[in-house]
Amino acid sequence: MADEPRALRPASAVRARATSALQRLQPALAEHARASLGARDAAALLARVQRRFIDVYQALDEVYGATGDLDGLMADLLRLVADAAATRDDDLRVLDHRREIAPDWHLREEQVGYVCYADRFAGSLAEVADQLDYLSGLGVTYLHLMPLLRPRPSPNDGGYAVVDYRAVDPRLGDMTDLEQLAAALRGRGISLCIDLVVNHTAREHAWARRAAAGDPVYRDYYHVFGDRSLPDRYSATLPEVFPDTAPGSFTEVPGLGWVWTTFHDYQWDLNYANPRVFREMLDVMLFLANRGVEVLRLDAVPFLWKREGTACLNEPEVHSLLQAFRGLVGCAAPAVVFKAEAIVGPDELVRYLGVHDRHRPECELAYHNQLMVMGWSSAASRDVGLMTQALSRMRPPPPTTTWVTYVRCHDDIGWAVADEDAAARGLDAFTHRRFLNDFYSGSFAASFAHGALFQANPVTGDARVSGTAASLCGIEQALELDDRALLGQAVRRLLLLYGLAFSYGGIPLIYMGDEIAQVNDAAYTDDPEHTQDNRWLHRPAMDWAAAERRHDPASVAGMVFEGLRQLGAVRRGLPALRAGGDTRPLWTDDPAVFAYARIHPREGTFLGLANFGDFATSCDAGILGAAGLRRPWDALAPDGRFGLHEGRIHLPGLGMLWLTDD
Ligand code: GLC
């Protein structure tokens, strides 16, 4: 744990050292690879290593350069990579080959994601495989299964406390089931994404047990302190993730000392200052890649590096670690992409996609939590000023990367409203967050939402919100009041938010149950293991009875399912929604109408208009020219027509236009 970020050495000097290191290491690697891979695949591996070597070397130099033997570390890691390449199935090597020819697969307009817990969706992994027709019917091309590696017994934070990264949760099946599911998905053109909890292990993980038993090698896998003095110093600047249920960031372990536990006391943070930890996690990544996983969701990555006097979030070394992982996994399994779970402010967020002084390949995907938060903010206030301001300020992702765009996920919604964005709109960020908490927890009188406060902190006044998309959009309230008009409005609101996610640029994710408008699961408190954590409100079991109604246009499930299916179908026909271009918000003359243009170097122009107000409105048609559209038509309308009269574009309440002149 160095006190200061390591001063970056001049890039040219590092490059020169990397080049000579590659020359030294290459002959042995080539020989090893030829023996295990055969001439053709060995040549491919070497070409990948050559292409990525400098990135990896530079990144590891920034983190471990001071520890001495970087050549030795590189040689060891490259051998691990070569061994993983040698044990990769033929099927996966074919996939690698295809992905190297078409590296933009994750950027394409066909991509639609679906996120679910295997058990809550279907039961076991084998039973998930039985539901692939359902997913294909929704247009899904990417399936994120929530944590499925073997967790500690409950409580385990919904599976985010892993005891064995090489085993599947026995409730769901085993590794063979996972491989078979991955292969079945691959056969349908669906990529499997799983969670990899890189920041911490369960305290029952073999490494932690050895540490607790006094083994100094494994003690160094974690951040362990003999007394409270350093933990107290760190704590002075650390935010608390679960102030309600797991206050503090350190846990006293008898016989060991104080262990860093950012999340719960049973989740021990790994010590990435120790290169052995890096090597172990690389080995795990390669193992999972070889099981057929195509997207690794790297959980809680901003927390990977600790530095006194900071919030221990987004430190420069976090990015170096990700870049090194990126390069090394890419050598053995180029089909695999990384998704960063970095729920951080907008300036920090784009860095996880590799936006630095220059582009440094890091993660290909990251959650666009600003878009998600701003969508909910606009839905509550019926005013898109803050959203336009905040999204305008974000730097575009590098063209080989993109967002995952989403409306809800398994976590609470944290109101990431930057002070400067709020100030630019004449708002106070704290007051606005409080308004959003009141609104979505239902305590604001005119609210349509049914939700709950999560981790309300009486000291800071902060809180976050739990609830399903349908409940937060007003569907639950409308059903309770048995009010058809309100229900129609709430359904349109849900489809508006999803319409934004499907068209802003990135892979849209459908969170299980949203497609059939599942409301909050109030019965979550019946389960003693969940009752303390109201995120289970929005983690219901799949309502297959409602799903049966999905083709009935008179049912709520039918309206939403068909709406989402159509969004995907229209999106597939719009190359302008392929990632690689830039999305720019534009100001309109109506406070409720959000406009965003996608200017794509090759694929044409797109202008999205979304009316967050409940009533019909219009905006100045000058925006068409500003977006570069000459003969626009609405891709969402069956006949392409939209309301354009007397210089104004007309939108229905909670309506949306996808304009293009392609
Ligand atoms: C991530 C997960 C969240 C979990 C935390 C700790 O943020 O999304 O559910 O509690 O990591 O693993």
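**View 1. The overall fold of the chain.** The chain holds 24 helices and 25 strands, where helices (H or I, at least four residues) and strands (E, at least two) are DSSP runs, numbered from the N terminus. The radius of gyration, taken over C-alpha atoms, is 25 Å, close to the 26 Å that the globule rule (2.2 Å times the number of residues to the power 0.38) gives for 662 residues, so the chain is as compact as a globular protein of that length. Buried residues (under 20% relative accessible area, with a 1.4 Å probe and protein chains only) account for 61% of the 662 residues.

View 2. The bond that runs from serine 154 to proline 155 is cis, with omega near 0 degrees. Proline 155 is placed in the loop between β3 (149–151) and β4 (162–168).

**View 3. The loop that holds arginine 382.** Arginine 382 lies between α15 (369–381) and α16 (385–392), and its phi is positive, near 55 degrees, in a residue other than glycine. With a relative accessible area of 25%, arginine 382 is partly exposed, a class that lies between buried and exposed (over 50%).

**View 4. The loop that holds glutamine 455.** Glutamine 455, found in the loop between β15 (452–454) and β16 (464–466), is not a glycine, yet has a positive phi of about 55 degrees. Glutamine 455 counts as buried, at 5% relative accessibility.

**Notes.** Residues are numbered from 1 along each chain as its sequence is written, and side-chain values use heavy atoms, with hydrogens and water left out. In this predicted model local features need pLDDT of at least 70 and side-chain atom pairs count only at pLDDT 80 or more, whereas totals for chains, interfaces and linings use all residues.
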